[in-house]
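Open the model in your viewer and keep the selection panel at hand.

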Amino acid sequence: MPVANAEIAEQLDKIADLLDIEGANTFRVRAYRRAARLVEGLPRGVADMLAAGEDLDDLPGIGRDLADKIAEIAKGGHLELLDQLAREVAPGITELLRLPGLGPKRVHLLQETLGIDSIAKLEAAAKAGRLREVPGIGPGTETRVLRAIAEGAAAAPRTKLAVAEQLALPLLAHIAQTPGVLHAQVAGSFRRRRETVGDLDIVAASASGEAVMRRFTSYENVAEVVEQGPTRATVRLRNGLQVDLRVVAEDSYGAALLYFTGSKAHNIALRQLAVERGWKLNEYGLFEGRKLLAGRTEAELYRRLGLATVPPELREDHGEVDAARRGKLPHLVALDDIRGDLHVHTTASDGTASLADMAAAARARGYAYLAVTDHSPRMAMVHGLDARRLGRQIDEIERLNAKLSGFTILTSIEVDILEDGALDLPDEVLRRLDLVVAAVHSRFNLPIAKQTERVLRAMDNRLLTIVAHPTGRLINERPAYEIDVERVLRGAAERGCFLEVNSQPDRLDLADTHCRLAKEIGVRLAISTDAHAPAQLEFIRFGLDQARRGWLEPADVLNTRDLAGLRALLRHRR
DNA sequence: GCCGTTTTCGGCCCGACTGTTTTCAGTCG
């Protein structure tokens, strides 16, 4: 089994942590961290890239040395550097870094002076009141550390975007209503629309920071005020999510928004541009000496740096700065471009609303079409449709369509892809449908070659139109099944079929990096909700987020076509 | 450890808050 990119990133981060504790050159440490972020964001497996003879040295921030080390990890071999570091510095020591108030310097000092190299030893020393013997550490830090350990601070999973949204928007409204607040926005990975967020970052413009801070820290959902100053405060909400608020003057609002939206890598790239021009960029603005050149809006900051405004979703230092300089940023797909939904359920299988109600909801959204895709017989527990019941549904759709004008219900099904790649209904049944959505719902544990082959086999059937939730992952619950996404995408390109971006907040499958890979390979994607209730049609926003993060433009998306355009693409496949 | 029409050496992004301090290092984002 190939070593996953996430595992490689983890090892690189581990090396960075250990080097940091050891007191290595900070730029060397930074190089490892940068490499970890890069590997994490690659759309393809490093192992595959190496097998294809690609040189990792070509990647930005990766030189000969790191390329070799990454290759060594990817081959599953022991990394000599890591072994050596683990001998010099205790291997478990890196977990101490996750505690608040403990960074590399203090962790190093704790090991030197008290021999602490694990959470258990740290806890014992803190309880004995011995941490304060270490210079720079006092009773305050000791208490914080003990509390963090008690709360199990080590494992804080990231919050799904849809959940974060439900917490962020009411809080944002609360802050925006403070007298004197001119603007307020949620920045950070939330604004970049990453699939999960580690915390929330809110930026507000106001002349009186104290008033905003008081209102923020007294918000009813705040469980704890972690830190509070005149311009910055940190709180923890009742569910544990951390929220940072930063208040700036109106003249600096754009700069602060830019800064706190990140990503960190994007900011660094922008600052380098500023430095090249002899300027300085920080959260207060773009400066020439002490003179403010820009800061009120993001747009003017980008303009002064010679760039088109980069949409937040692209700010990952994945080529967007260069594209912005050359005027080649993509025109990202947006909600207005979506003409219909190609994956929804009704009460015929596991949906909660009737066919007529789902169609009415889609029509109310301004859509031109809706493909009804209930489950196939293999999904017995949800009463999947056999040929006869599907036939009845087709009849009902014809009756409804006859009464509707300017809106069309498309006949379809979410048919199971069986273990051998066959589809769960015979071709003569599938042939009657406008389109066929197919998905893997069983045998998630096949070896990667078999799982990949299974989906490729299914795509060999020219009646299959769209592969739904192609990796099967459930965020924070279940990892993707082992499947070679790149091979599936290339297979789809060869066969002229399509893959889905499933918009369910738990799925977001394909993921952003796979969207970008699909675009590079030339596979069009359907952004669908998999709605099981009328209100879930709204989830389309979350699928769009990931599509935008993957640089997709309207032309890359199947359901931006009007009905005639969609039918033309479907015919082409058959 | 990376990188280069200013450089193959000498740079590498920037500021707020905290705690433990008598002027600042470390942490954090």
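At what angle do helix H20 (residues 485–495) and helix H21 (residues 512–521) pack, and how far apart are their axes? Select both: the angle is about 35° and the axes are 10 Å apart. Axes are lines fitted to C-alpha atoms over the stretch in contact, and angles run from 0 to 180 degrees between N-to-C directions. Helices (H or I, at least four residues) and strands (E, at least two) are DSSP runs, numbered from the N terminus.

Next, show the side chains of Val485, Glu486, Leu489, Arg490 and Ala493 on H20, and of His514, Leu517, Ala518 and Ile521 on H21; these make the contact (heavy atoms within 4.5 Å).

This is a predicted model, with local features requiring pLDDT of at least 70 and side-chain atom pairs pLDDT 80 or more, while totals for chains, interfaces and linings use all residues. Residues are numbered from 1 along each chain as its sequence is written, and side-chain values use heavy atoms, without hydrogens and water.

Now select Ala255, Leu258, Tyr259, Asn267, Arg271, Leu281 and Asn282, which line the largest cavity. On a 1 Å grid over the protein atoms alone, a cavity is a set of points where a 1.4 Å probe fits but cannot get out; lining residues have an atom within 4 Å of a point. H12 gives the largest share of this lining, 3 residues.

Last, select Leu38, Val39, Leu42, Val46, Leu56, Leu59, Ile62 and Ile70, the lining of the second largest cavity.

Definitions and conventions: Chains are lettered from A and ligands numbered from 1 in the order in which they are written. On a 1 Å grid over the protein atoms alone, a cavity is a set of points where a 1.4 Å probe fits but cannot get out, and a pocket is an open set with protein on both sides within 12 Å along at least five of seven lines; lining residues have an atom within 4 Å of a point.
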